[in-house]
Amino acid sequence: MTVNDKHQYDVIIVGAGPAGLCAAMYAGRGLLKSITIERGAPGGELLNTDLIEDYPGFESIKGWELAQKMTEHAKKFGAEIVTDTVERIRRSADGWFDVETARGETYRSQAVILTAGGTPVKLGVPGEREYAGRGVSYCAVCDGAFFKGEHLAVVGGGDAAVEEADYLTRYASKVTLIHRRDEFRASKLLQERAFENPKISVIRNTIVPEIAGNEKGVTHAVLEDSTTGRRSDLPVGGVFIFAGFKPNTQLVEGHVDHDAGGYLITDSKMMTSMAGLFAAGDVRSQVTRQITTAVGDATTAAIAVEKYLKSLRETDGKVRA
């Protein structure tokens, strides 16, 4: 494979969400030749978040505005950001990575920081996309405080759904947990804790085929009994969907250690089990997924990459000597 010299870098950053932009900034500060590849506009999930109130230094800031500030900050230190979709990350026999994109480009580097995040599993029903950010949410910690005193619906039956339903009772007047099956997949401990909460009511064997609302936002969720097919309306001010979350780890060719959910396992330097492949943000196995943890991961990863590349050069020099 022949790769143009201009496509050879010290490090390639895949994804330009908060983690990717922070990694790009630190790579620039470290004078590393880097490129950040993002399939859409820089900012990632920030662009799908209306208001952010849990990022230090900003009591309240729009998601798009924080994304813009992070992008400008990264570019100030020389970040090169290209719009393209990464389709494959492959570590060659020579230890270099080949990063291939949808536009037919191949970029090479000795280190990759994967910050491609993950994607919340959507219900794929009418109203879900239309009311995203206006009553439909996939993050209770991010958006729960905007629904004080509201009746909220939580859709799902796993740990995330049950745990987040319990969390939302801090703000909501009532939370209705809707699960398509009779048995919940969430751990027994989480179920006991949530179901003992007087603010939580549970509806089983029910799906949500539609989310409805008006110009102000969500007004109700349509419920359908999985057994009888009977439909009814549940008046709510918001619908929180926790049907699953898929980390974008399928880009990496070859085995990389991961947890049961598919999230990459790293050491304290954010390096994965594949030498030279670092992970930061929502793609990494960790306790929580917040902007603050994403940029913390990325800071560590970028600085660790600088040290990693230095060690490779020193080792190469000794071999040549």
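Biologist: How many aromatic pairs does the count come to?

Modeller: The count comes to seven aromatic pairs. Keep in mind that this is a predicted model.

Biologist: Take phenylalanine 278 and tyrosine 308. Why is this pair called edge-to-face?

Modeller: A pair of aromatic rings is described by the distance of the centres and the angle of the planes. Start with distance. The two ring centres lie 5.8 Å apart, and the limit for a pair is 6.5 Å. Now the angle. The planes stand at 75 degrees, and over 60 counts as edge-to-face. The pair of phenylalanine 278 and tyrosine 308 is therefore edge-to-face.

Biologist: What makes this pair a link between distant parts of the chain?

Modeller: Look at the places of the two residues. Phenylalanine 278 is in strand E19, residues 277–279. Tyrosine 308 is in helix H6, residues 291–320. They are 30 residues apart.

Biologist: Are phenylalanine 278 and tyrosine 308 buried or exposed?

Modeller: The cut-off for buried is under 20% relative accessible area. Phenylalanine 278 has 1%, so it is buried. Tyrosine 308 has 14%, so it counts as buried too.

Biologist: Which residues is phenylalanine 278 in contact with, leaving aside its neighbours within four places in sequence?

Modeller: Among them are Ala111, Val112, Ile113 and Leu114. The list also includes Met270, Ala301, Ala304, Val305 and Tyr308.

Biologist: Where does phenylalanine 278 stand in the largest nonpolar core?

Modeller: That core has 36 residues. Phenylalanine 278 is one of those with the most contacts inside it, along with Leu66, Met70, Ile113 and Val305. Helix H6 gives the most to this core, with 10 residues. In soluble globular proteins, nonpolar side chains tend to be buried together.

Biologist: Which residues does methionine 70 touch, leaving aside its neighbours within four places in sequence?

Modeller: Methionine 70 is in contact with Pro18, Leu21, Leu46, Tyr55, Ile291 and Val295. There is also a second, separate core of 21 residues. This second core includes Ile35, Val99, Tyr107 and Met274.

Biologist: What makes you say that lysine 33 lies over the face of tyrosine 9?

Modeller: Lysine 33 is at 5.0 Å from the ring centre of tyrosine 9. The distance limit is 6 Å. Arginine 29 lies over the face of tyrosine 26, at 5.9 Å from the ring centre. That value also falls within 6 Å.

Biologist: Why pick out phi in methionine 270?

Modeller: Most residues other than glycine have a negative phi. Phi of methionine 270 is near 75 degrees, a positive value. Methionine 270 sits in the loop between strand E18 (245–247) and E19. Asparagine 205 also has a positive phi, near 50 degrees. Asparagine 205 lies in the loop between strand E13 (200–203) and strand E14 (206–214).

Biologist: Why is methionine 270 called buried, and why is asparagine 205 called partly exposed?

Modeller: Methionine 270 has 8% relative accessibility, and buried means under 20%. Methionine 270 therefore counts as buried. Asparagine 205 has 26%.

Biologist: How do you know that the buried residues of helix H5 lie on the same side?

Modeller: The buried residues of H5 (188–195) are Leu190, Gln191 and Ala194. They cover an arc of only 100 degrees around the axis, which puts them on the same side of H5. The face turned away from that buried side carries the exposed residues Lys188 and Leu189. What covers the buried residues includes helix H4 (159–168) and E13.

Biologist: Why are strands E10 and E13 said to stand at the edges of their sheet?

Modeller: Five strands form this open sheet, in the order E10-E17-E11-E12-E13, with parallel pairing. E10 (136–137) and E13 each have a single partner strand, so one side of each is left without a neighbour in the sheet.

Biologist: What makes E10 and E17 a pair?

Modeller: They are joined over two bridges, in the parallel sense. The rule asks for at least two bridges. Serine 137 stands opposite phenylalanine 240 in E17. Four bridges join E11 to E17, and leucine 152 stands opposite glycine 238. E11 (151–155) and E12 (174–178) pair over five bridges, with alanine 153 partnered by threonine 176.

Biologist: How do you know that both faces of E17 are covered?

Modeller: Gly238 and Phe240 on one side are buried. Val239 and Ile241 on the other are buried as well.

How values were computed
Residues numbered from 1 in each chain as written. Predicted model: local features only at pLDDT ≥ 70, side-chain atom pairs only at ≥ 80, totals over all residues. Heavy atoms only, no water. Phe/Tyr/Trp six-rings, centres within 6.5 Å; stacked < 30°, edge-to-face > 60°. Buried < 20%, exposed > 50% of the residue type's maximum accessible area, 1.4 Å probe, protein only. Lys NZ or Arg CZ within 6 Å of the ring centre and 35° of its normal. Arc of directions from axis to C-beta. Contact = heavy atoms within 4.5 Å. Core = buried A, V, L, I, M, F, W, Y, C linked by side-chain atoms within 4.5 Å.
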